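Hi,

Here is the structure I promised to send over.

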Amino acid sequence: MITFTSSYSSLVSSFVSHSTTPFLFFFLCVICMQMDVMKRTRSVLKLSGRVLNEAVSFIVFSALDLVDYMLCFLFKAIDMLIEAECKPCYCSSSAKEAITSSGKILVSEQGGESTKIVSLSSTKLVLEDISDTLYSRPSLVSELSSFTLNELKKLKLEDPILQQQTKRGTSLCSGSSFSVNNTIVEMLQGKIGRLEKHPIPRWSDCDCNLCTSWMSSSSPSTKPNLFVRSQVPNIGKAKEDVVFIHGFISSSLFWTETLFPNFSSRARSSYRLFAVDLLGFGRSPKPSDSLYTLSEHLEMIEKSVLEAHNVKSFHIVAHSLGCILALSLAVKYPHSVKSLTFLAPPFYPVPKGEAHATQYVMRKIAPRRVWPIVSLGASLVCWYEHITRMVCFLICKNHRLWEFLTKFLTRNRVRTFLLEGFFCHTHNAAWHTLHNIICGTARKIGTYLDAIKDNLNVKVTIFHGKDDEVIPIECSYEVQRRIPRADVRVIDKKDHITIVVGRQKAFARELEEIWSTPNK
């Protein structure tokens, strides 16, 4: 307000020095006062809107907490009725340890960013990174209660007698403790002990030929590969390969229906193009016993693309969540990856000293606010396990109906490849991939970016839509801050999807230029 008043005071002084008309001087002062009032009014309205959003959000998400709790019992009852067993969910409490029927012991060491699940046997040690956001998502009411209890504890600890008792209790429990969420134990038990290679889909998942094609495409004795769409030169040998990785709840059609037809004849004769359906999405396998960790996704890409097609030197183009997998591949294969092209990378910087990086990233992605509307959708997807299962049941299981209605209402004038990518996944795949990849890698991303910074052979280019409301543009600038040579290109009037869809010809030419231009 001081700056505002001083600027207009100088204007008034200048005006008075050149004018002797009192009326004009008075008129200018009135305008300055009105603008000052308008500025105060905007500040009050902005504050009121924020308070209203907070209040409405608390009511809405408290109600959603209750709905999710009730759906938990509903799904358990239906699971028992249809499948004769209750499938595990992350509402269950933690246990000290669990011994599987095959004699293997599963334990979990609690960490700040994730829980490391260790499967111990006489011949094998398996380590998997599980994000604690899967089973540590407190409701708004419980967070408020925890805050109140913490304040009461602080008051109690001021009493020297209670403080001494607290220290005594802490010393008794100061040893190394291992615990694991029951759901993870049960899922890993099924993963270890299951003899059936191709389990029957759950009743709430789609069982159409498209969604279950992976079951019939491989023999029961072998682990099925990912579904890969490829475009190779008809004549001659390609000099390099390109791997395309799609984002969350999408598929390889995001690339093959947009970019592949628009590459020049020169690019088609020079590169082998591979677009992969990630594990759990599109036409790729959707195992119900998988935890969809980073290592599982990478292993399947290596097995289905790099090894199956003898890929040695390659470029990577990745969108959204796929950028994390692309970054991990580039770190693992530093001498093979020639360039990284990121589209809207979800790289959220974690402040120094933040003890719970996974929780911090989850709250950045899903702040549990009803406005803007993107925050509401992201919060539903991240925080509510059973509500999202209900949504998958209503939409994904009945995707053929929704696709038919879309074609009927639009008279088949709208291409539905985006719908197929959005519909063809299971709740188990989407839920675990979201938490274990985006949230679970929160602490690793910085290390990965530093590794790419030191690898000067990798060319880094980033595209981000200026109107993207899903991933903030600050995420791309964070990558550039960590990798100064990264080229960030902000596309006007484009969002999370239209950064490719609708400008596929221009983007195809940009990619060809990136691949053909040597790294500086």
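Where does Ile 235 lie? It lies in the loop between β7 and β8. Before I go on, please keep in mind that this is a predicted model, so nothing below comes from an experiment.

Is Pro 233 buried or exposed? Pro 233 is buried, at 13% relative accessible area, because the cut-off for buried is under 20%. Setting aside neighbours within four places in sequence, Pro 233 is in contact with Ala 238, Arg 268, Ser 269, Tyr 271 and Arg 272. Leu 273 is 40 residues away from Pro 233 in sequence, yet the C-alpha to C-alpha distance is 9.2 Å.

**The chain overall**

Stepping back a bit, the chain has 19 helices and 13 strands. Of its 520 residues, 45% count as buried. If you take contacts between residues at least 6 apart in sequence, 76% of them join residues at least 24 apart.

In soluble globular proteins, nonpolar side chains tend to be buried together. Here the largest nonpolar core has 69 residues, and the members that touch the most others are Ile 245, Val 305, Leu 327, Leu 340, Phe 342 and Phe 347. Helix α10 (residues 322-332) gives the largest share of this core, with seven residues.

Leaving out neighbours within four places in sequence, Phe 347 is in contact with Cys 323, Ile 324, Leu 327, Phe 342, Ile 445, Leu 449, Cys 475, Glu 478 and Val 479. There is also a second, separate core of 22 residues, and Leu 259, Leu 343, Phe 507 and Ile 514 are among them.

**Two helix pairs**

Helix α9 (residues 294-307) packs with α10 at an angle of about 70°, and their axes are 11 Å apart. That angle makes α9 roughly perpendicular to α10. On the α9 side, the contact is made by Leu 294, His 297, Leu 298, Ile 301, Glu 302 and Leu 306; α10 brings Leu 325, Ser 328, Leu 329 and Lys 332. By class, the residues of this contact are six nonpolar, two polar and two charged.

The other pair is α11 (residues 357-365) with α16 (residues 427-439). Their axes come within 9 Å and cross at roughly 115°, so α11 is roughly perpendicular to α16. Which residues of α11 and α16 make the contact? From α11 there are Thr 358, Val 361, Met 362 and Ile 365, and from α16 there are His 435, Ile 438 and Cys 439. The contact of α11 with α16 has five nonpolar and two polar residues, and no charged ones. The crossing is right-handed.

The loop between α11 and α12 (373-383) is worth a look, as it holds Pro 372. The peptide bond from Trp 371 to Pro 372 is cis, with omega near 5°. Arg 368 is found in the loop between α11 and α12 as well. Although Arg 368 is not a glycine, it has a positive phi of about 55°. Arg 368 counts as buried, at 3% relative accessibility.

Ala 84 also has a positive phi, near 65°, and it is a residue other than glycine. You will find Ala 84 in the loop between α2 (22-83) and β1 (94-95). At 60% relative accessibility, Ala 84 counts as exposed.

Last one: Leu 380, in helix α12. Leu 380 is partly exposed, with a relative accessible area of 26%. Not counting residues up to four places away in sequence, Leu 380 touches Leu 64, Ile 387 and Thr 388. The C-alpha atoms of Leu 380 and Arg 369 are separated by 9.9 Å, with the two residues eleven apart along the chain.

Cheers

Technical notes:
Residues are numbered from 1 along each chain as its sequence is written. This is a predicted model: local features need pLDDT of at least 70, side-chain atom pairs count only at pLDDT 80 or more; totals for chains, interfaces and linings use all residues. Side-chain values use heavy atoms; hydrogens and water are left out. Axes are lines fitted to C-alpha atoms, for helices over the stretch in contact, and angles run from 0 to 180 degrees between N-to-C directions. Helices (H or I, at least four residues) and strands (E, at least two) are DSSP runs, numbered from the N terminus. Angles under 35 degrees count as roughly parallel, over 145 as roughly antiparallel, 65 to 115 as roughly perpendicular and the rest as oblique. A crossing is left-handed if the near helix is turned anticlockwise from the far one by less than a right angle, and right-handed if clockwise. Contact means heavy atoms within 4.5 Å. Ala, Val, Leu, Ile, Met, Phe, Trp, Tyr, Cys and Pro count as nonpolar, Asp, Glu, Lys and Arg as charged, and the others, Gly among them, as polar. A nonpolar core is a set of buried Ala, Val, Leu, Ile, Met, Phe, Trp, Tyr and Cys residues joined through side-chain atoms within 4.5 Å. Buried means under 20% relative accessible area, exposed over 50%, partly exposed in between (1.4 Å probe, protein chains only).
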